[in-house]
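Thanks for asking me to look this one over. My notes follow as numbered points, with the cut-offs spelled out as they come up.

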Amino acid sequence: PKTITVSQIKQLVSDGQKFTMLTAYDATFASMFSKAGVETLLVGDSLGMVCQGQESTVPVTMDDMVYHTQAVSRGNEGALIVADLPFNAYSHLEQAVNNAGRLMQAGAHMVKLEGGAWLCDAVQAMSRAGIPTCLHLGLTPQSVNKFGGYKVQGRDDAAAQTMINDALALVEAGADFILLECVPADLARAITETVSVPVIGIGAGADTDGQVLVSYDMLGLTQHRLPRFVKNYMADAGNWETAVDQYIKEVKSGDFPTAAHAFE
Ligand code: KIV
Ligand code: NA
């Protein structure tokens with residue numbers, strides 16, 4: 001099947017539809033989710049925890065991301081593949097563009113970077129090089145050692161305004177998607193209404209254009225306690241196909257996430 005394009009996703013959003021994303025780290029999951037109709041797959045650096053047993057995403061390397069992106073690309077049937085640039089892979093402009101290019105050659109259709117307006121130059125350079133970008137704002141896990149833990153971001157007015165300004169600047173620089181993690185639902189709604197590109201949320205309430213979950217969490221494969229914003233779709237479904245179908249259905253209908261999965 002032909003790969004869904006960024007412009008098709010933009011069209012879907014302007015038609016008032018929601019879209020879905022799930023993380024995939026290997027060919028089997030990529031095949032499962034793309035065949036089920038998940039529009040976008042994220043080769044997340046969460047593979048550090050999920051696949052490697054690390055305590056954070058900080059140890060994940062470019063070689064790791066290339067390996068998993070290649071595997072996902074081989075299994076994929078028509079989804080748009082977004083791959084994370086890992087920690088310390090985009091600190092300088094030239095390094096950023098080179099590493100983004102490596103992920104594209106490994107099979108990604110878009111790369112994701114964590115951070116605000118300071119990444120505008122990188123986004124612009126990638127855009128010129130033909131590399132679509134997704135900018136991850138809010139709780140950016142690669143900065144866990146600066147944050148001092150995994151906390152909801154953008155709670156006070158100044159931080160909220162900064163996040164809105166960052167999103168606007170990044171879109172102006174050429175960002176194709178914005179991804180918001182663990183931000184109050186009101187702020188996520190404001191950013192979604194303000195920027196001209198699709199906004200994907202995780203722990204960001206129901207009003208973003210798309211939703212993403214870590215696949216292992218939503219399939220109930222995780223041993224640790226699930227964060228509040230996750231729903232274990234396997235609990236009721238009993239098999240993965242029904243679980244993924246239900247996730248897609250609930251995102252499209254706006255039934256997921258509920259207020260209980262969101263932050264105020
Ligand atoms: O790495 C990842 O899985 C992510 C999502 C949680 C957005 O970045
Ligand atoms: Na990530």
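1. A word on burial to begin with: a residue is buried if 20 or more other C-beta atoms lie within 10 Å of its own, exposed if 12 or fewer, and partly exposed in between, with C-beta atoms placed from the backbone. Pro257 has 25 C-beta neighbours inside 10 Å, so Pro257 counts as buried.

2. Some ground rules. This is a predicted model, in which local features need pLDDT of at least 70, side-chain atom pairs count only at pLDDT 80 or more, and totals for chains, interfaces and linings use all residues. Residues are numbered from 1 along each chain as its sequence is written, while chains are lettered from A and ligands numbered from 1 in the order in which they are written.

3. Overall form. The protein chain has 12 helices and 8 strands; these are DSSP runs (helices H or I, at least four residues; strands E, at least two), numbered from the N terminus. Buried residues make up 50% of the 264 residues.

4. The barrel. A closed barrel of 8 strands runs β1-β2-β3-β4-β5-β6-β7-β8 with parallel pairing (two strands pair if DSSP finds at least two bridges between them). For one example, β5 (residues 133-138) and β6 (residues 177-181) pair in the parallel sense over 5 bridges, and Leu137 has Leu180 in β6 as its bridge partner.

5. Helix α2. In α2 (residues 27-36), the buried residues are Phe29, Ala30, Met32, Phe33 and Ser34. They pack against β1, β2, α4, α10 and α12, where a contact puts two C-beta atoms, placed from the backbone, within 7 Å. Just after α2, Gly37 takes a positive phi of about 110 degrees.

6. Back to Pro257. This residue is found in the segment after α12. Leaving aside residues up to four places away in sequence, Pro257 touches Gly205, Ala206, Gln211, Phe229 and Ala262. The C-alpha atoms of Pro257 and Gln211 are separated by 8.4 Å, although the two are 46 residues apart along the chain.

7. The ligand. Which residues surround ligand 1? They are Thr23, Leu42, Gly44, Asp45, Ser46, Asp84, Leu179, Glu181, Ile202, Val212 and Val214, each with its C-beta atom, placed from the backbone, within 6 Å of the molecule.
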